[in-house]
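Hi,

Here is the structure I promised to send over. Have a look at it first, and then read on for my notes.

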Amino acid sequence: MALDDRKSIFSFVGTRPDRPDGLDKVTGRAKFGADMSAPGMLHGAILRSPHAHARIVKIDASKAEALKDVKAVVTRADFADVPFKPGLEGEFYNVLENVMAGEKALYDGHAVAAVAATSALAARDALKLIEVEYEILPHVTDVDKAMAPDAPVIRKGAADYSVPAGMHPNVVRYHESGHGDVEAGFAEADLIIEDSFTTEATHQGYIEPHACLASLGMDGKGELWCTTQGHWIAQKTCAALLGIETSQLRVTASEIGGGFGGKTTVFIEPVALALSRKANRPVKLVMNRSEVFRATGPTASASMDIKIGMKKDGTITAAEGIFRLQGGAFPGAPGDMTAMCAFAPYDLTNVRQVGYDVMANRPKQAAYRAPGAPMGAFAVESVLDELCNQLGLDPVDVRLKNAAAEGSKASYGPTYERIGLVETLEAAKAHPHYSAPLKPGQGRGISCGFWFNHGGETSVSLALSEDGSAQVMVGTPDIGGSRASMALMAAEVLGIPYENIRVTVADTASLGYNDVSHGSRVTYASGLATIKAARHAVEKLCERAAVKWGIPVEAVKWENGCAVPSGPNAGDFDPLPLADITADMGATGGPISGHFEATPEGAGVSFGTHIVDAEVDPETGKTSITRYTVIQDAGKAIHPTYVEGQYQGGAAQGIGWALNEEYIYGDDGRLQNSIFLDYRIPVASDLPMIDTVIVEVPNPGHPFGVRGVGETGIVPPLAAIANAVSNAAGVRMKQLPMSPPRILAALKEK
Amino acid sequence: MDYHSPASFAEASALAENATGITRFLAGGTDVLVQLRSELVTPDTLIDIKKIDGVHDVTRNADGSWTLGVAVTGAEMSEHPELGRDWPGVVEAMDLIGSTQVQGRATLTGNLCNGSPAADSVPAMVAAGVTLSVTGPGGTREVAVEDIPTGPGRTSLVRGEVISAVNIPARGENGGDAYQRFIPRTEMDIAVVGVGVNLRLDGDTIAEARVSLGAVAPTVLLVKDAARAIVGTALDDAALEALAAAASAACNPIDDKRGTIEFRTEVAGVLAKRTAKVAYARAKGEQA
Ligand SMILES: Cc1cc2nc3c(=O)[nH]c(=O)nc-3n(C[C@H](O)[C@H](O)[C@H](O)COP(=O)(O)OP(=O)(O)OC[C@H]3O[C@@H](n4cnc5c(N)ncnc54)[C@H](O)[C@@H]3O)c2cc1C
């Protein structure tokens, strides 16, 4: 599966054709989660806890059930019925607890019951008739307070073996890694800076709320249509939660209006299936925006302490970080990821990192692009910026001096293969942005960022049609233009035009298990599998040509969409185009298809460097981002426009996270800003044109050199923007978001 | 829920007077329908006032004053060839509301009667000295804008009363008005502080002024001390500082998710200065 030796001259890869799903999306023909209906369909609605932490004493749904429009009411009891999978464990148990509360409501917005009725309005009205008796318990929503000795315990026994003795039961996972001797390293430093930082939870803010249409019969056979980043995980999880066989539930992924990690799990799907099973009718369930904020998975909030020592020449002598991540009332906050990524861009002799996964009375966190990495980068890169300022050093030069390269031992353990960090830093230094003069009141910030990238289980099939066109079936929902990239890679191998290839996201009944569209893995892993499936089909095409020509198959090779004799000794035959072979394939051996499945391991880590200019209004504390440049290693950009889109999207979401987005909880533990008016995602006019530079240092683990690009782009922005704002304001900003009140207060204290 | 579309304000008033439960008038509906959909307020009676004769008219009266129908939208105000020349502050305040879609629906009266302390057009209307015609069971009376809101979500209108027209005074000579708000983003946000300033010059000297503040107290404030700080000056630095101090002193804000007390108080002063400068420039006939 390694990188092709040929320093490939590509025909299709690297071009920028229109995306195949474009017309459907701009005309409204594309079907998203809420666009599907079924005959006899009911509408579901979910009753949610108004309390941050409460024991559920009693649920009385009799008044709702008495309504003629109401066809089913479900509570947790409707999930306990698991004939051949009793006693869910691990993540299945956590997901079940999250989609329908058990003994306790664990956060404001936690589902406690659900209704299916003949109309959406009837369902909502019925919810008001369900009486829930709560015994309100003390709650905690802040990460540091949740670790304090007097914090209320959210769930006893949730911690695993990794947690050192003596910690509060809300600390459920512990990670420690590093190498060298940090104390010895600090002793060599000319300057040591130690500081603390916090970031708030933010939501991915995908435009499409969760939505599904579920149908489950009493025979345990079901159909589910939903907006998801991974329908196999939805299939597996729903089957477990409902107690049915995985293969009996067919899941189809709709078009998806954004996910960014937030749609890698299930929220409403098991509830809709339970309602359907009870009512014996299809049930549609659609979240409103407020439910999305309150009850889906925002990212974790973080509290972090960083200590870095540096010599006068910019050499980092030692680095240490403690990262506490709050991920809601369930294990899963990515404290380990934050710790592992924080120092990953640097070649360090002495480094130590500690991560905590902490529970609090908030919704269960979900992945959000490079989960955990942006927070750590914010803290670490802020301290690096301060060291550069105090030592009078150029921030790009210092990062170049310490940059990890091929052969460096990563802060989290392994030794890097060929990576592109140095190339991104060199491109930053050479970019006109980096030397452009700043106006008074403006500041510039830079930051590097790292993400692992992922391979994951992948299965792809490709079938040729008699007219010479091809259909590709992938199992990874298209969240960023991946159908275009798959078609380009298949075109490259088959040698037929991009337009002649149709890529479909197949349902769970059509392919083997496919891991979720996450981990920046789709263009890498589904791409690799598409290439291999196409090559598999090419082998068969060559066999058919060999039969036609009456020569051994070894004497046939594939070139520019045609079978050709492999050399002068093979015989003198005209090139045989693909369509000529498929035209009579029924007579020469039957249908021609290709297939590939594997768990590819060579995803190839990815690095980026961002440059940001910010202007701060000293009288109001308001920040404008005046210029932004993203530089990132893509390995090989299959469709450069969609690579640039990922870079720009990461920067745009990072700008929101850095400046104004935050989950705001009141003293009562209720979420205060569960609408887009008060959850301040950037609007178009808040953003500058985001410039991009694609660096291509091929990934040795992919035939065409691809590295995933979806996640690294959100790692540097928080830090780069914080550095720009701090340099503009003349005061170090250590808390995100850097909202105007916070900046004005910091300016006053300066 | 009952829906009515009366043909006159007398009829609208009678419908409202006889309705039980929660009654809402339906102008643009950009507050009413949003609150309905989000289950914040589910009215029992909806009285649509858009079908009444004249509610879409923008009229310049013989004395130079303006009468606006209660269904005139923000977009219609911005596109009017003359209204914005007389009252750029009122028009720019209304224009800040929402998006293009919202502008096609939203009205001054709806903005006022929704009762939000952060309503954008209200400080501008207060500074401009706008009055409302209020039709009730006993006939029609004229009320100053600042006398309508009584607290968040509440107005002084009594059961059966409906606003039937918006009256903007004649601009006169050497006058200018302006409105500015502070929001953390660049648009589609709710004012953390809003300031309206309207003034008239005698040469370079401010002869008359009205200064109003939004989002810093339970209702819009007409800040007489702030006006006094600039009347008789040519808006020099000392006058601006006195204006800022008076504006900040008038604030009685809350700490909430949208801004802290300290922040709102401080920024009210900053914005008062910035807004006064624009109004002053406009009064001098400069483009601003
Ligand atoms: C996306 C969005 C963005 C927004 N942005 C802003 C913003 O930036 N700034 C801002 O201030 N507001 C904003 N709003 C709120 C809203 O658009 C404004 O308050 C608007 O001016 C309301 O006018 P309307 O005609 O739509 O009122 P409606 O919703 O029709 O009515 C609002 C209230 O006024 C009452 N009412 C209406 N007409 C009369 C009458 N003739 N007599 C008595 N009472 C009456 C109704 O009973 C109701 O209580 C926004 C709303 C949305 C949806």
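Below are my notes on the ligand site and on one strand of chain A. Keep in mind that this is a predicted model.

Let's begin with the ligand. It is surrounded by 30 residues, and the closest are Gly29(B), Thr30(B), Asp31(B), Thr107(B) and Asp120(B). Sorted by class, that shell holds 15 nonpolar, nine polar and six charged residues.

Thr107(B) has a polar side-chain atom 2.7 Å from an oxygen atom of the ligand. With Val32(B), a backbone N or O atom lies 2.8 Å from a ligand oxygen. A polar backbone atom of Ile163(B) is 3.0 Å from a nitrogen atom of the ligand. On its own the ligand would expose 980 Å², and the protein buries 88% of that.

Which elements give two or more residues to the shell? They are β2 (23–26), α2 (32–37), α7 (108–113) and β10 (162–168), which belong to chain B. The most comes from α7(B), with four residues.

Now over to chain A and its strand β5 (residues 111–117). Seven of its seven residues are buried, so the strand is largely enclosed by the rest of the structure. Strand β1 (residues 42–48) of chain A pairs with β5(A) in the antiparallel sense, over six bridges. In that pairing, Ile46(A) has Ala114(A) as its bridge partner. Strand β3 (residues 70–74) of chain A also runs antiparallel to β5(A), joined by four bridges. There, Ala72(A) stands opposite Ala116(A).

Cheers

Definitions and conventions. Residues are numbered from 1 along each chain as its sequence is written. Chains are lettered from A and ligands numbered from 1 in the order in which they are written. This is a predicted model: local features need pLDDT of at least 70, side-chain atom pairs count only at pLDDT 80 or more; totals for chains, interfaces and linings use all residues. Side-chain values use heavy atoms; hydrogens and water are left out. A residue is near a molecule or strand if one of its heavy atoms lies within 4 Å of it. A polar contact is a pair of N or O atoms within 3.5 Å; within protein, one must be able to donate a hydrogen and the other to accept it, and residues adjacent in sequence count only if both atoms are side-chain atoms. Accessible areas come from the Shrake-Rupley method with a 1.4 Å probe; for residues, only the protein chains shown count as cover. Ala, Val, Leu, Ile, Met, Phe, Trp, Tyr, Cys and Pro count as nonpolar, Asp, Glu, Lys and Arg as charged, and the others, Gly among them, as polar. Buried means under 20% relative accessible area, exposed over 50%, partly exposed in between (1.4 Å probe, protein chains only). Two strands pair if DSSP finds at least two bridges between them.
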